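Hi everyone, thanks for coming. I'd like to walk you through one structure today, a few places at a time. Let me put it up on the screen.

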Amino acid sequence: MRKVVLITGASSGIGLALCKRLLVEDDELHLCLACRNMSKAEAVRAALLASHPTAEVTVVQVDVSNLQSVFQASKELKQRFQRFDCIYLNAGIMPNPHLNIKALFSGLFSRNVIHMFSTAEGLLTQDDKITADGLQEVFETNVFGHFILIRELEPLLCHSDNPSQLIWTSSRNARKSNFSLEDFQHSKGKEPYSSSKYATDLLSVALNRNFNQQGLYSNVVCPGTALTNLTYGVLPPFIWTLLMPAILLMRFFANAFTLTPYNGTEALVWLFHQKPESLNPLIKYLSATTGFGRNYITTQKMDLDEDTAEKFYQKLLELEKHVRVTVQKT
């Protein structure tokens, strides 16, 4: 029986590289590409099938920043599938990033220079906006849209006799100091990306607490610093090219510079082969690359507590009730 894997944000970057690597690992998979742009998704589907004709690849249109789209996609998926073995919650945005030049030059001459470049801590701010659903765009795209997708697909995920797995694309940039339960959408701050990734970590822990007994397990990964559309939004490609000699040198001191989407998927692919019930829900699994270009997995204990995770989960449930009423009226 084919394993069924759903991947959001599958048409480019980490998501696309993940599709390619999973089919190399198992060309009998059924991959479902959940993408916003259907023309790109269809092109990816055709390319994957050309390389792996024995695989089964389907597409579904979903924009996780639009709840109507999430509900519609969920309805289609429940009609087409009986279960999902794994869902990669990978789609995400970092809109209009601004580089803090003062923090950059200050960090260059400090002992934290490697840490700063590995995590982008204190370097990036973003301009967020309100979506048509009345939510902060980064929060809805990176966290809440995926949360609603999971809630809708629960019947296809919770099977205690054969566990299903959720794998979230988080970040080393997920910082506790940028998250607040009182402002979990980060409407008052300037680092919504970091806040959303910390929220992802909290949500993953809470999902394990509430659903492990039903056969659903959740883990978070960080792909490292890989050159994708997201990182090209921070600096244009030619700047990355100019910086590459320095970055390659820093790779001998810091393992976070995976650089390519292929390298960035190392932890995501590794998790796919693990028994989800054997993994530590409080650990973040990190893709890493040595100075000589060898990929490996490392781990990091997440800076959070389970009580905060559960409180955040309850807040999401309350927000879910509100948005369901709003969506039904439209």
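One term before we start: when I say polar contact, I mean a pair of N or O atoms within 3.5 Å, and within protein one must be able to donate a hydrogen and the other to accept it. Please also keep in mind that this is a predicted model.

With that term in hand, look at the start of helix H3. There, a side-chain oxygen of Asn66 comes to within 3.0 Å of the backbone nitrogen of Gln68. The helix itself covers residues 67–80. H3 has 14 residues, and from its first C-alpha to its last it reaches 20 Å, close to the 20 Å expected at 1.5 Å a residue. Several of its residues are buried, among them Leu67, Val70, Phe71 and Leu77. Ser69, Ala73 and Ser74 are buried as well.

So what does H3 meet in H6? On the H3 side we have Leu67, Val70, Phe71, Ser74, Leu77 and Lys78, and they meet Glu140, Phe144, Gly145, Ile148, Leu149 and Glu152 in H6. Sorted by class, this contact has seven nonpolar, two polar and three charged residues.

Now for the geometry. Two packed helices are described by the angle between their axes and the distance between the axes. For H3 and H6, the axes come within 9 Å and cross at roughly 35°. The crossing of these two helices is right-handed.

Let's stay in H6 for a moment, with His146, which lies in this helix. Is His146 buried or exposed? The answer is buried, with a relative accessible area of 0%. Leaving out residues up to four places away in sequence, His146 touches Thr8, Val64, Leu89, Asn90, Ala91, Thr141 and Trp168. A polar atom of the His146 side chain lies 3.4 Å from the backbone oxygen of Thr141. And Asn90 is 56 residues from His146 in sequence, with 9.0 Å between the two C-alpha atoms.

Asp85 is buried, because its relative accessible area is 14% and the cut-off for buried is under 20%. What does the side chain of Asp85 reach at 2.8 Å? It is the backbone nitrogen of Val4. The side chain of Asp85 also has a polar contact of 3.2 Å with the side chain of Arg83. Beyond its neighbours within four places in sequence, Asp85 is in contact with Arg2, Lys3 and Val4, and also with Asn162, Pro163, Ser164 and Gln165.

Not counting residues up to four places away in sequence, Gln126 touches Met94, Pro95, Asn96 and Pro97, along with Lys190, Glu191, Pro192 and Tyr193.

That brings us to helix H8, residues 192–211. H8 has 20 residues and reaches 27 Å from its first C-alpha to its last, close to the 28 Å expected at 1.5 Å a residue. How many of the residues in H8 are buried? The count is 18 of its 20, and the helix is mostly covered.

Here are two backbone details for those of you who like phi angles. In the loop between strand S7 and H8 sits His186. His186 has a positive phi of about 60° although it is not a glycine, and at 8% relative accessibility it counts as buried. Leu259, in the loop between helix H10 and helix H11, has a positive phi of about 70°, and it is not a glycine either. Leu259 is buried too, with a relative accessible area of 9%.

Two last stops. Glu266 lies in helix H12 and counts as buried at 17% relative accessibility. Apart from residues up to four places away in sequence, Glu266 touches Arg21, Ser287, Asn295, Tyr296 and Ile297. Finally, Ser12 is in the loop between strand S1 and helix H1, and at 30% relative accessibility Ser12 counts as partly exposed. Its C-alpha is 9.6 Å from that of Cys35, a residue 23 places away in sequence.

Definitions and conventions:
Residues numbered from 1 in each chain as written. Predicted model: local features only at pLDDT ≥ 70, side-chain atom pairs only at ≥ 80, totals over all residues. Heavy atoms only, no water. Axes fitted to C-alpha atoms, helices over the stretch in contact; angles between N-to-C directions. Helix = DSSP H or I, 4+ residues; strand = E, 2+ residues; numbered from the N terminus. Left-handed = near helix turned anticlockwise from the far one by under 90°. Contact = heavy atoms within 4.5 Å. Nonpolar A, V, L, I, M, F, W, Y, C, P; charged D, E, K, R; others polar. Expected span 1.5 Å × (residues − 1). Buried < 20%, exposed > 50% of the residue type's maximum accessible area, 1.4 Å probe, protein only.
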